[in-house]
Amino acid sequence: MDRRGFITGTGGLLLLAGCGGDRAAVARRTLVIGKAGDLSGMDPAVTVQANDFAPIGLAYERLLRFRMQDGQPTGGLDGELAADWQGEDGGRSWLFALSPGHAFDDGTQVTAEAVRFSFDRALRIGRGVAQALDGLDRVEALNDMRVRFTLRGPNPVFPYILALLPMAVINPAVMAHERGGDLARGYLSERTAGSGPYRVKSWTRGQRVVLTANPYSLRPPRHFDRVVIKVVKDEAAWRTQLRKGDLDIFDNVAPDAAAPVSRLDGVTLLSRPTPAVIALIPNNERAPLDRPAVRRALALAVDAPRIADTIMAGRASPIHGLLPDGVPGQDSSIPVIMRDVAAARALLDAEGVGPGLRLTLSYVQASAASDAVALALQSQLAEAGIDLRLEVLAPSAMAKVVKGDFDLTIFSWYADFPDPWPILKFALHSANKGEGLNLARYANPAVDALLEQAEATMEQAPRVALYGQAQRLAIMDQPFVPLFAPHGLMAHRRDLSGLEYSFWQPGLYNAARMGRLRGGAA
């Protein structure tokens, strides 16, 4: 306390004590989520990075949400904004009836017109979300509470697509902030305009995002009326903050930190396999990586099992083919690529690529393990005569990779629900180059045709068989190098109650339904 605290006398001391009590109360009702990296943006129609999903999940609602049990998807769906839904015309259209009472954070009601606006805006922007909606022909508001989606062809997974986190319904009033025909992208990159239980109050880049309760939400927070998403890059710092209770949750714990974190008093470490593929991605349009034999050489030069065992501390699973365990179509008969430096060198020599090939690995520090994986790749490729330079990108600079201005990058695809569609469609279809998450810029018309046929097949078994054919055909081209399927690691204070977290939906927190046990530290 400084001198002024003493000068105020007894009344001042009582006032200060009251302020301290208020601060403690605010802290108890504030949920603090730690992350190792900053956000790149918050516009649901634009961002494709899982690290951006936390504020989107807290501030927006979707028509549907995945039904989960013990952190695993059951294959069912529940309504969020939707009260009822049904397929029509053999899966070529879907009719939704909205639940009444949902309101945006300015008090206006969520209507069918807001749904139509949100999806029309996403299609007009034409970025990440639009790629998932490429079969959508039109959205019609039939009245205030009924909306119809008409597709160009049948799509059995369309309701599941609408449950994906970026399929958020946005307040049409954001168009008042449109500048230069940007469809309010500039405004929504730093703000939210949803009907979820929270709304973004501020974002200090590189430091924190602060969300406060949406006073008009149909489902207001039970306890935490304030959420802070805090960037803490230094491991020692976030471990100390977690131990002291200055952080309630730390998202994406590095594997080598798992053991010490598990020993922290008052902290629980959650760990489960994830439906994700982490891959080394070569630019298939840039010489000499535009040749399958050169990409195969990269795959043979990399020791992915060793990376999984050492850097990931065994908390990762090998990839058979292109799909992780737990996803229909995963084929364990496809062998894991084993390292063979001599064979890699022979392939490169046969392609006229001599020792000293210089490539740049451009990547975002998505987790504390990112640098270690990059350094391991650099060392392993050097043994095959490849000189790898490392370029660390800010999340916002990932745009250069999306545009194709790179040699190599590291990226991951998630199966948001148990189906091959979320990974294979985006990783392999040529229509999804760049913004659609086909970052390898891979193109094979035969693979495209199989993916399109699978997407239009309503029966599950034939669909999965078609995806299997597409997977095996793509493997012959080696569009990217699967490294491993990571095990999710998330740490949280034990004084949190009601926490429900699924590694199938990273970054999605049920903060509005969570609470703090009595006597818990803030």
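Which polar atom lies 2.9 Å from the backbone nitrogen of Thr360? In this predicted model, the atom belongs to the side chain of Asp407, where a polar contact is a pair of N or O atoms within 3.5 Å and, within protein, one atom must be able to donate a hydrogen and the other to accept it, residues adjacent in sequence counting only if both atoms are side-chain atoms. The model is predicted, local features need pLDDT of at least 70, and side-chain atom pairs count only at pLDDT 80 or more, whereas totals for chains, interfaces and linings use all residues. Residues are numbered from 1 along each chain as its sequence is written, and side-chain values use heavy atoms, with hydrogens and water left out.

Asp407 is located in the loop between α14 (399–402) and β17 (408–414); helices (H or I, at least four residues) and strands (E, at least two) are DSSP runs numbered from the N terminus. With a relative accessible area of 13%, Asp407 is buried (buried means under 20% relative accessible area, exposed over 50%, and partly exposed in between, with a 1.4 Å probe and protein chains only). Beyond its neighbours within four places in sequence, Asp407 is in contact (heavy atoms within 4.5 Å) with Ile281, Pro282, Asn283, Arg286, Leu289, Leu359 and Thr360.

With neighbours within four places in sequence left aside, Gly385 is in contact with Arg345, Pro355, Gly356 and Leu357. The C-alpha atoms of Gly385 and Arg138 are separated by 52 Å, the two residues being 247 residues apart along the chain. Helix α10 (residues 292–301) is mostly covered, as 7 of its 10 residues are buried. These are Val294, Arg295, Ala297, Leu298, Ala299, Leu300 and Ala301.

A pair of aromatic rings is described by the distance of the centres and the angle of the planes. Rings of Phe, Tyr and Trp (its six-membered ring) pair if their centres lie within 6.5 Å, and planes under 30 degrees apart count as stacked, over 60 as edge-to-face and the rest as tilted. The whole structure contains 13 aromatic pairs. One of them, Phe96 with Phe149, is edge-to-face, at 5.6 Å centre to centre and 80° between the planes. This pair links distant parts of the chain, with Phe96 in strand β5 (residues 93–98) and Phe149 in strand β7 (residues 146–151), 53 residues apart. Phe96 counts as buried because its relative accessibility is 0%, and Phe149 is likewise buried, with a relative accessible area of 0%. The ring centres of Trp238 and Phe250 are 4.0 Å apart and the planes are at 5°, so this pair is stacked. Here, too, distant parts of the chain are linked: Trp238 is in helix α8 (residues 235–244) and Phe250 in strand β11 (residues 249–251), 12 residues apart. Trp238 counts as buried at 3% relative accessibility, and Phe250 does so at 1%. One aromatic cluster is formed by Phe66, Tyr160, Phe417, Trp421 and Phe426.

Cavities and pockets were located on a 1 Å grid over the protein atoms alone: a cavity is a set of points where a 1.4 Å probe fits but cannot get out, a pocket is an open set with protein on both sides within 12 Å along at least five of seven lines, and lining residues have an atom within 4 Å of a point. Grid points are joined across faces, edges and corners, and a volume is the space filled by probe spheres set on the points. The count comes to 2 cavities of 30 Å³ or more.

The largest cavity has a volume of about 60 Å³. Its lining includes Pro44, Ser118, Phe119, Met167 and Ile170, and helix α4 (residues 112–125) provides the largest share, 3 residues. By class, this lining has 10 nonpolar, 1 polar and no charged residues (Ala, Val, Leu, Ile, Met, Phe, Trp, Tyr, Cys and Pro count as nonpolar, Asp, Glu, Lys and Arg as charged, and the others, Gly among them, as polar).

The second largest cavity has a volume of about 30 Å³. Among its lining residues are Phe66, Tyr160 and Phe417, which also belong to the aromatic cluster. β3 (72–79) gives the most to this lining, with 4 residues.
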